[in-house]
Amino acid sequence: MAIEKCINEFDVDDVIFEEGSTGRELFVVLEGKVDIAKINGASKTVIVTLGKGEFFGEMAVIDGSARSATAISAAPNTRVMRINHARFVYLVSQQPAFALMIMDALSRRLRASNAVTFRTANP
């Protein structure tokens, strides 16, 4: 597949994917910004804003579960590259540094989530 077919461009507030949707792709921010958010009716809580070189959607590409949050473009001309499951598995198997990068990010994100959960449970 040509790399150009794996790149999508979004404008501000365009939804890249919604919480609860299925997807077997990971996304890498090439340009712009992406908000990872929880949506509850008209309320939006931004969990994190990601920029160039950062990735999102890794949980669904790893375990095939529904998306745990909504990804929304937060800047004009935001460009992301989609990495499908087959390509992800290939990269992990052929590039140990890529696998370590994913594990490092997952670990940091889990620690941050645990810290927030602990603070909320123990004010």
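Guide: A residue is buried under 20% relative accessible area, exposed over 50% and partly exposed in between, with a 1.4 Å probe and protein chains only. This is a predicted model, where local features need pLDDT of at least 70, side-chain atom pairs count only at pLDDT 80 or more, and totals for chains, interfaces and linings use all residues. Residues are numbered from 1 along each chain as its sequence is written, and side-chain values use heavy atoms, without hydrogens and water.

Visitor: Are Phe17 and Phe56 buried or exposed?

Guide: Phe17 and Phe56 are both buried. By contrast, Gly41 has a relative accessible area of 67%, so Gly41 is exposed.

Visitor: How many aromatic pairs does the structure hold?

Guide: Rings of Phe, Tyr and Trp (its six-membered ring) pair with centres within 6.5 Å; planes under 30 degrees apart are stacked, over 60 edge-to-face, the rest tilted. The structure holds four such pairs. In one, Phe17 and Phe56 have ring centres 5.8 Å apart and planes at 40°, so the pair is tilted. Phe17 is in strand 2 (residues 15–17) and Phe56 in strand 6, so the pair ties together parts 39 residues apart in sequence. Strands (E, at least two residues) and helices (H or I, at least four) are DSSP runs, numbered from the N terminus. Phe17, Phe27 and Phe56 form one aromatic cluster.

Visitor: What is the arrangement of the rings of Phe88 and Phe98?

Guide: Their planes stand at 70° with centres 5.8 Å apart, so this pair is edge-to-face. Phe88 belongs to helix 2 (residues 85–94) and Phe98 to helix 3, so the pair ties together parts 10 residues apart in sequence. Phe88 counts as buried at 7% relative accessibility, and Phe98 at 14%.
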